[in-house]
Amino acid sequence: MQVRVMDRATEKLKEVFGYEAFRPLQAEIIADALAGRDVFALLPTGGGKSLCYQLPALLRDGLTLVVSPLIALMKDQVDALTANGVAATFLNSSLEPDEGRRRLRGLHEGGYRLLYVAPERLLLSGFLEDLRKWNVGLIAVDEAHCISEWGHDFRPEYRRLIELRTMFPEVPMMALTATATGRVRRDIVERLGLRAPRDYVASFNRPNLFYRVRPKAGAFDQLAEFIAKRPGDGGIVYCLSRKSAESVAEKLNRAGVSSRPYHAGLDAAVRAANQEAFLRDEVRVICATIAFGMGINKPNVRFVVHYDLPKNLESYYQETGRAGRDGLPSDCLLLYSRGDILKQKRMIAEKPDAEERQTALRQLNGMAGFAESAGCRRRGLLEYFGETFAEANCGACDNCLSPPEEVDVTVPAQKFLSCLYRVRQASGWSFGLNHIVEILVGSKAKGILERKHDQLATHGIGKDLAADAWKQLAEDLIRLGYAARSEDQFATVDLTAAGLEVLRTRQPVRVRRTLRAVAERKKVKGDFAFDETLFERLRKLRREIADARDVPAYVIFSDVTLRHMARHYPDSDLAFEATPGVGRKKTVEFAARFLKVIRDYVAESGRQVFKDEE
């Protein structure tokens with residue numbers, strides 16, 4: 001019986017979603033859901049969590065209820081399901097009253113297979129009673145880590161979801177998340193009242209993501225250079241503060257990179273419009289605080305940059321996980337400064353609860369250890385979540401491909417720290433980094449002469465190094481704790497007690513530096529050559545269809561699906577439907593238009609032959 005059920009599931013997988021085979025653990029989770037068992041599933045971002053309840057919803061009797069924390073996620077998934085011919089809806093505060101009533105009528109009439117709701121809506125007076133009438137057959141709690149105060153995104157309203165178990169004791173329940181330590185996993189199971197759940201924990205490894213950390217040295221210039229090397233690619237830049245998110249977005253726009261800010265301080269309509277513009281590829285970059293991204297299903301995010309240090313490794317893992325959800329190569333860059341640590345420690349010190357302060361400090365130290373590590377980034381990340389990474393070299397992080405080397409910088413460090421000391425001694429206060437560097441290289445700038453800093457013993461003692469090299473050294477010394485940058489509007493640099501000790505004792509100073517360009521990463525499984533000119537024509541058609549339907553482009557087809565078309569040149573409805581990501585409904589609706597573009601292109605330019613096909 002179970003075999004026949006899974007045969008039907010596999011048929012639906014291709015017919016509705018356009019795929020021939022399940023991803024790791026999906027088949028097992030779906031089989032348990034169809035057998036009426038409770039399930040806990042921890043699958044990495046991009047690992048196909050949504051399908052684990054969407055496909056059973058098509059095969060089980062009754063309504064599948066999906067508890068989801070974000071309005072954007074609900075709309076995104078409902079749009080995608082509708083495009084695949086699945087009757088799905090959501091109820092939340094974004095709907096006009098008439099539209100909300102129309103959807104409620106549809107639910108009372110049994111017209112939907114899936115219903116998405118936020119926990120706040122679910123627990124409104126009367127809503128649970130409505131659920132009793134709608135023949136709920138499966139309950140899925142997405143982003144389930146929100147229920148645990150030990151998690152990185154605790155939401156108190158999730159705690160009341162235990163009421164669903166009380167009200168629907170016989171209905172199977174599924175809890176899903178992409179990030180959870182062992183303690184958080186146990187908390188989820190207990191607080192949702194899961195009964196002897198089947199426990200599925202996939203590998204946390206995202207082999208298509210390339211991890212790199214760079215010392216901050218002119219952060220915006222570093223960001224601009226990074227984006228310039230990825231023309232046409234879109235991504236997310238995470239900032240610690242709202243002010244920083246707005247400032248970085250503004251600077252990127254001035255540099256010719258279309259960008260919008262996203263944070264909780266924006267007007268709700270502006271925030272939603274900015275997010276929608278990013279989802280629809282109308283802007284390349286979204287500059288956001290951590291308010292952005294949980295559950296965002298945009299598969300073609302090609303990079304994630306952390307402009308500031310995240311608070312913990314759970315956040316870092318989840319936020320970097322928004323890159324490359326389609327399995328294609330994507331980049332994750334963290335800009336790191338010891339100054340970020342000091343900023344966050346001051347914020348932590350303001351927390352009133354002692355245990356909360358202790359937890360936050362422990363998490364911050366773990367994040368700093370990851371950033372400062374000379375070892376494999378992937379191994380360090382996976383070990384945090386209790387997973388062993390056996391390979392000696394991951395082939396997709398900066399430390400594995402270009403191991404940092406220790407460099408003796410004792411002499412220039414003495415010069416720099418001595419300059420900080422002399423400036424403070426002469427003036428009674430500290431100055432900004434640019435001013436200190438100008439003194440070291442012997443500048444005769446007006447500000448130097450007016451303050452008589454050309455008369456200091458350290459004036460000109462650093463002519464042997466370029467200004468950029470001094471700035472890099474300054475960041476190294478700040479990271480080591482020998483110098484500190486103030487947080488006021490003037491961002492001055494001063495000598496610390498530890499730096500003064502280095503000056504007095506002349507102890508050696510060594511820093512880790514990547515002395516050569518990062519080598520090429522290993523080829524990612526699933527990446528393949530394709531006709532890039534045809535791909536762009538298919539993307540243009542996809543955008544036209546998406547705009548006409550008022551949905552993001554990836555709701556029509558993913559980049560991966562278009563790449564397959566641009567490699568195999570399908571020339572019939574049958575060949576078109578055989579393309580990964582193309583189901584029956586999309587073949588009926590879109591095959592004629594896409595096939596015409598492909599045929600016209602082949603007639604004009606011919607077919608490419610790729611090396612691995614020869």
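I began with an open sheet of three strands, which has the order 15-17-16 and antiparallel pairing. Strand 15 (431-432) and strand 16 (483-485) stand at its edges with a single partner strand each, so one side of each has no neighbour in the sheet. A reminder to myself before going on: this is a predicted model.

Next I looked up how strand 16 is held to strand 17 (residues 492-495). I found three bridges joining the two, which run antiparallel. For one residue I also noted the partner: Arg-485 is bridged to Val-493 in strand 17.

Then I asked myself which helix packs on this sheet. I found helix 18 (residues 410-427), which touches strand 15, strand 16 and strand 17. The direction of helix 18 makes about 100 degrees with that of strand 17.

**Helix 19 and helix 21**

I turned to helix 19 (residues 433-440) and helix 21 (residues 467-480), whose axes come within 10 Å and cross at roughly 125 degrees. Helix 19 and helix 21 are therefore oblique to each other, and I logged their crossing as right-handed. On the helix 19 side I listed Leu-433, Asn-434, Val-437 and Leu-440. Helix 21 brings Ala-467, Trp-470, Lys-471, Ala-474 and Glu-475 to the contact. Sorted by class, I have six nonpolar, one polar and two charged residues here.

**Helix 2 and helix 3**

From helix 2, I see Gln-26, Ile-29, Ile-30, Ala-33 and Leu-34 meeting Leu-51, Cys-52, Leu-55, Pro-56 and Leu-59 of helix 3. What classes make up this contact? I have nine nonpolar, one polar and no charged residues.

**Leu-595**

Is Leu-595 buried or exposed? I found a relative accessible area of 2%, so Leu-595 is buried. Leaving out residues up to four places away in sequence, I see Leu-595 touching Pro-570, Asp-571, Ser-572, Asp-573 and Phe-576. For Phe-576 I also noted the spacing: Leu-595 and Phe-576 are 19 residues apart in sequence and 7.8 Å apart in space, C-alpha to C-alpha.

Note on methods. Residues are numbered from 1 along each chain as its sequence is written. This is a predicted model: local features need pLDDT of at least 70, side-chain atom pairs count only at pLDDT 80 or more; totals for chains, interfaces and linings use all residues. Side-chain values use heavy atoms; hydrogens and water are left out. Axes are lines fitted to C-alpha atoms, for helices over the stretch in contact, and angles run from 0 to 180 degrees between N-to-C directions. Helices (H or I, at least four residues) and strands (E, at least two) are DSSP runs, numbered from the N terminus. Angles under 35 degrees count as roughly parallel, over 145 as roughly antiparallel, 65 to 115 as roughly perpendicular and the rest as oblique. A crossing is left-handed if the near helix is turned anticlockwise from the far one by less than a right angle, and right-handed if clockwise. Contact means heavy atoms within 4.5 Å. Ala, Val, Leu, Ile, Met, Phe, Trp, Tyr, Cys and Pro count as nonpolar, Asp, Glu, Lys and Arg as charged, and the others, Gly among them, as polar. Buried means under 20% relative accessible area, exposed over 50%, partly exposed in between (1.4 Å probe, protein chains only). Two strands pair if DSSP finds at least two bridges between them.
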